[in-house]
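I am opening a notebook on this structure and will write down what I looked up, entry by entry. The sequence and the model come ahead of my notes.

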Amino acid sequence: TIARALAIADFHPLHPGIAAHGAVTVVVVPSCPDGRPEPSDELCAEVARYLCRRRPVATEIHVVGPCYKQITVMARVHAPGAVNSTRLVQDAVAALEAFLHPLRGGPQGTGWPVGRPVYRTEVMAVLSALPEVTYVEDVRLQVSTEDAARCGNAEICPRGLVTSGAHQITIAQETGR
């Protein structure tokens, strides 16, 4: 079954940087427990057949899966000295994995929107919401194998979808004042 689908007008999957007037690309995200759900060729073909019977005459229909970008968060969070730092790192990683999940994550918790960037401020908010965190500093986003996100945010291509990487969380424990 299909969890989500998004139609992108004037977009051809083989020519992503060029406006392809008359082309519509449908990105299909199947419903499955995998962290990187990929539609089968059969599912894409079935959706294409369904849409082609209903398309305007001069419209090209392309049905594809998402182009995944792995997002790794590197952050330093501050917490009281009495906090269990190992557990806090585990909680932080779990919160980031939940936020960056393609089907259950995103700002609304209904799945990461296809083509939507990851904003550094949102990642800071996710980490700041953890009960033991006093404040968050030095948040950096890494996109797949790219060095760092542009302007601190992770830009995603129009048919892109995020997945969680191996996050690196450092805990700075504060002593009493």
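How many bridges join strand β4 (residues 67–80) to β6, and do they run parallel or antiparallel? I found that five bridges join β4 to β6 and that the two strands run parallel, where strands pair if DSSP finds at least two bridges between them. I also looked up one partner in this pairing, and Cys67 has Gly160 of β6 as its bridge partner.

Before going further I noted the basis: this is a predicted model, in which local features need pLDDT of at least 70 and side-chain atom pairs count only at pLDDT 80 or more, while totals for chains, interfaces and linings use all residues. Residues are numbered from 1 along each chain as its sequence is written, and side-chain values use heavy atoms, with hydrogens and water left out.

**Overall count.** I counted three helices and seven strands in the protein, taking helices (H or I, at least four residues) and strands (E, at least two) as DSSP runs numbered from the N terminus. From the N terminus on, I read the elements as β-β-α-β-β-α-α-β-β-β. The C-alpha trace spans about 70 × 30 × 25 Å along its principal axes. Of the 177 residues, 45% count as buried, which stands for under 20% relative accessible area, with exposed over 50% and partly exposed in between (1.4 Å probe, protein chains only).

**Strand β6.** I returned to β6 (residues 160–164) and found that five of its five residues are buried, so the strand is largely enclosed by the rest of the structure. In a regular strand the side chains alternate between the two faces of the sheet. For β6 I listed Gly160, Val162 and Ser164 on one side and Leu161 and Thr163 on the other, and all are buried.

**The three-stranded sheet.** I traced an open sheet in the order β1-β2-β3, with mixed pairing. Its edges are β1 (2–9) and β3 (60–64), each with a single partner strand, so one side of each has no neighbour in the sheet. Neighbouring strands here are turned by 20° against each other on average, direction ignored; axes are lines fitted to C-alpha atoms, for helices over the stretch in contact, and angles run from 0 to 180 degrees between N-to-C directions. Helix α1 (residues 41–52) lies across β1, β2 and β3, and I noted its angle to β3 as about 155°.

**An aromatic pair.** I found one aromatic pair in the structure. Phe99 and Trp112 form this pair edge-to-face, at 5.1 Å centre to centre and 90° between the planes; rings of Phe, Tyr and Trp (its six-membered ring) pair if their centres lie within 6.5 Å, with planes under 30 degrees apart counted as stacked, over 60 as edge-to-face and the rest as tilted. Phe99 lies in helix α2 (residues 85–99) and Trp112 in the loop between α2 and α3, so the pair ties together parts 13 residues apart in sequence. I checked burial too, and both Phe99 and Trp112 are buried.

**Gly17.** I placed Gly17 in the loop between β1 and β2. Gly17 is exposed, with a relative accessible area of 76%. Gly17 and Cys157 are 140 residues apart in sequence, yet 9.8 Å apart in space, C-alpha to C-alpha.

Note on methods
Contact = heavy atoms within 4.5 Å.
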